[in-house]
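Q: Could you walk me through this structure, one topic at a time?
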Amino acid sequence: MSYLTDGLIYNQKGLNKELDCGDCNMCCKLPKINKTYFKDTIFQKDSFEWCKNCEIGVGCKVYKDRPKTCKDYECTFLCGFSFIRPNKAGFLITLEDINGINPLEAKVITIFCEDHKLSNLVKNIKKEHNLRYLIKQGFKFVIRTNKNNKDLWVYDPKISDELIKPSQKQVEDARELLNA
Ligand code: SF4
Ligand code: SF4
């Protein structure tokens with residue numbers, strides 16, 4: 001069962017908090033975790049790097065006490081926005097603030113995708129109803145494939161149905177815009 005609002009469809013199970021992570025651990029690897037306190041120590045990790053607390057395929061070994069950053073993480077699958085679990089979709093969607101501008105207003109979505117899954121990314125994006133809807137609304141995607149913020153791809157369906165490797169100048173402009 002799903003719930004429709006403004007053209008977006010939400011998975012009712014997500015809205016009812018009935019979904020679980022299953023065998024997905026993508027958020028414990030792909031995004032960066034900035035410095036945060038955890039058990040009286042400073043905890044941080046780079047993007048595209050497994051968290052030491054993650055038992056791959058099982059879950060977080062310190063789940064009840066996990067850092068606040070992890071508790072606050074809003075997964076698009078668990079909240080019902082994405083219908084495909086990130087490890088099955090092959091990518092993770094995040095909404096990064098752009099100089100304080102809501103990414104939904106800026107119409108830019110950030111996607112974390114491992115390098116070896118890049119060739120299927122556009123096909124997999126189009127499997128998600130809500131992303132297809134956002135594309136029709138003029139959204140584009142910035143793709144991160146590793147911890148190097150300079151090494152970005154762009155998917156802008158208005159320009160091409162292929163991923164675009166932006167020029168160094170475009171990356172610098174985007175980094176300035178993203179404050180990265
Ligand atoms: S990305 Fe979402 S579904 Fe996957 S482990 Fe993290 S919270 Fe769970
Ligand atoms: S502390 Fe737990 S929830 Fe947080 S990134 Fe590590 S394994 Fe994942």
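This is a predicted model: local features need pLDDT of at least 70, side-chain atom pairs count only at pLDDT 80 or more; totals for chains, interfaces and linings use all residues.

Q: Which residues are around ligand 1?
A: The residues around ligand 1 are Cys21, Cys24, Asn25, Met26, Cys27, Cys75, Phe77, Leu78, Arg85, Pro86 and Leu92. By class, this shell divides into nine nonpolar, one polar and one charged. Here Ala, Val, Leu, Ile, Met, Phe, Trp, Tyr, Cys and Pro count as nonpolar, Asp, Glu, Lys and Arg as charged, and the others, Gly among them, as polar.

Q: And which are around ligand 2?
A: Around ligand 2 are Cys28, Cys51, Asn53, Cys54, Cys60, Val62, Arg66, Pro67 and Cys70. That shell divides into seven nonpolar, one polar and one charged.

Q: How many helices and strands does the protein have?
A: The protein has seven helices and 10 strands. Both are DSSP runs numbered from the N terminus, with helices being H or I of at least four residues and strands being E of at least two.

Q: In which sense do β3 and β4 pair?
A: Strand β3 (residues 33-38) and strand β4 (residues 41-45) pair in the antiparallel sense, over four bridges. Two strands count as paired if DSSP finds at least two bridges between them. Tyr37 stands opposite Ile42 in β4. The hairpin of β3 and β4 has two residues between the strands, and Lys39 there takes a positive phi near 50°.

Q: Where else does a positive phi turn up?
A: Lys17, a residue other than glycine, has a positive phi near 55°, and it is found in the loop between α1 (12-15) and β3. Lys107, also not a glycine, has a positive phi of about 60° and is found in the loop between α4 (103-106) and β8. For background, most residues other than glycine have a negative phi.

Q: Are those two buried or exposed?
A: Lys17 is exposed, because it has 10 other C-beta atoms within 10 Å. Lys107 counts as partly exposed, with 13 C-beta neighbours inside 10 Å. A residue is buried if 20 or more other C-beta atoms lie within 10 Å of its own, exposed if 12 or fewer, and partly exposed in between, with C-beta atoms placed from the backbone. Of the 180 residues of the protein, 22% count as buried.

Q: Which strands form the open sheet?
A: Four strands form an open sheet in the order β7-β8-β9-β10, with mixed pairing. Because β7 (92-94) and β10 (152-155) stand at the edges with a single partner strand each, one side of each is left without a neighbour in the sheet. Strand β8 (residues 108-112) and strand β9 (residues 140-144) run parallel and are joined by five bridges. Ile109 stands opposite Phe141 in β9.

Q: What about the largest nonpolar core: which residues touch the most other members?
A: Of its 26 residues, Phe91, Leu92, Ile111 and Ile143 touch the most other members. The elements giving two or more residues to this core are β7, β8, α5 (121-125), α6 (129-136), β9 and β10. The largest share, four residues, comes from β8. A nonpolar core is a set of buried Ala, Val, Leu, Ile, Met, Phe, Trp, Tyr and Cys residues joined through C-beta atoms within 7 Å.

Q: What is Phe91 in contact with?
A: Leaving aside its neighbours within four places in sequence, Phe91 is in contact with Pro86, Ile111, Phe112, Cys113, Lys117, Leu121 and Asn124. Two residues are in contact if their C-beta atoms, placed from the backbone, lie within 7 Å.

Q: Changing topic, where does Gly57 lie?
A: Gly57 lies in the loop between β5 (54-55) and β6 (59-60). Gly57 counts as exposed because it has 10 C-beta neighbours inside 10 Å. Gly57 and Cys24 are 33 residues apart in sequence and 6.4 Å apart in space, C-alpha to C-alpha. Leaving aside its neighbours within four places in sequence, Gly57 is in contact with Asp23 and Asn25.

How values were computed
Residues are numbered from 1 along each chain as its sequence is written. Chains are lettered from A and ligands numbered from 1 in the order in which they are written. A residue is near a molecule or strand if its C-beta atom, placed from the backbone, lies within 6 Å of it.
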